[in-house]
Amino acid sequence: MLRLETVDEGMLREYPAVVLAYIGDAVFELLVRRHIVTAGRRKVSEIHHDTVELVKAQSQASLTRQLYHELSEEEQDIIKRGRNAKSTPPRHADPGDYKLSTGFEALLGYLYLKGDEERLLYLVNQALDNNEM
């Protein structure tokens, strides 16, 4: 049976940044989808369009720059790890934005796996508040 178990911080530090970003990407997209769907009835095509606008690398990089001053040193280090992780950006994405968005996703993945739901939701809510549609 599936259970949401937290991961020990010591073990989390050993996770590759791309693994944290992989989880963080899914968590962020799910929270964005939930936010958009619960805001009111709309066509699926509109929901999809607005979701894509919020989760694309450029948007994530922008909100990471906005939130960076609010992050702890540990959180900034996780973003740096994610930003420096070896990954290949899609052709349509700016490489700098893609790297920074990977850092943001790594932070969200870290917070999710750590079980720090309060901090995770705070950061996602800040991101959504800064990018209201």
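In this predicted model, Arg 13 and Glu 74 pair up through their side chains, forming a salt bridge with an N to O distance of 3.5 Å. The partners come from distant parts of the chain: Arg 13 sits in helix α1 (residues 9-14) and Glu 74 in helix α5 (residues 73-84), 61 residues apart. As a general point, side chains of opposite charge can pair when their charged atoms come close. Across the whole structure, a search turns up nine salt bridges.

Next comes the packing of two helices. Helix α3 (residues 44-55) packs with α4 at an angle of about 50°, and their axes lie 5 Å apart. On the α3 side, Glu 53, Leu 54 and Val 55 make the contact, and on the α4 side it falls to Ala 57, Ser 59 and Gln 60. Sorted by class, this contact has three nonpolar, two polar and one charged residues.

Ala 57 turns up again in the second largest pocket, where Lys 56, Ala 57, His 92, Ala 93 and Tyr 98 are the lining residues nearest the centre. This pocket has a volume of about 300 Å³, and its lining runs to 16 residues. Three helices, α2 (17-38), α4 (57-67) and α6 (95-114), each put in at least two of the lining residues. The largest share belongs to α6, with five residues.

How values were computed:
Residues numbered from 1 in each chain as written. Predicted model: local features only at pLDDT ≥ 70, side-chain atom pairs only at ≥ 80, totals over all residues. Heavy atoms only, no water. 1 Å grid on protein atoms, 1.4 Å probe; cavity = no way out; pocket = protein on both sides within 12 Å on 5 of 7 lines; lining within 4 Å. Points joined across faces, edges and corners; volume = space filled by probe spheres on them. Helix = DSSP H or I, 4+ residues; strand = E, 2+ residues; numbered from the N terminus. Axes fitted to C-alpha atoms, helices over the stretch in contact; angles between N-to-C directions. Contact = heavy atoms within 4.5 Å. Nonpolar A, V, L, I, M, F, W, Y, C, P; charged D, E, K, R; others polar. Salt bridge = Lys/Arg side-chain N within 4 Å of Asp/Glu carboxyl O.
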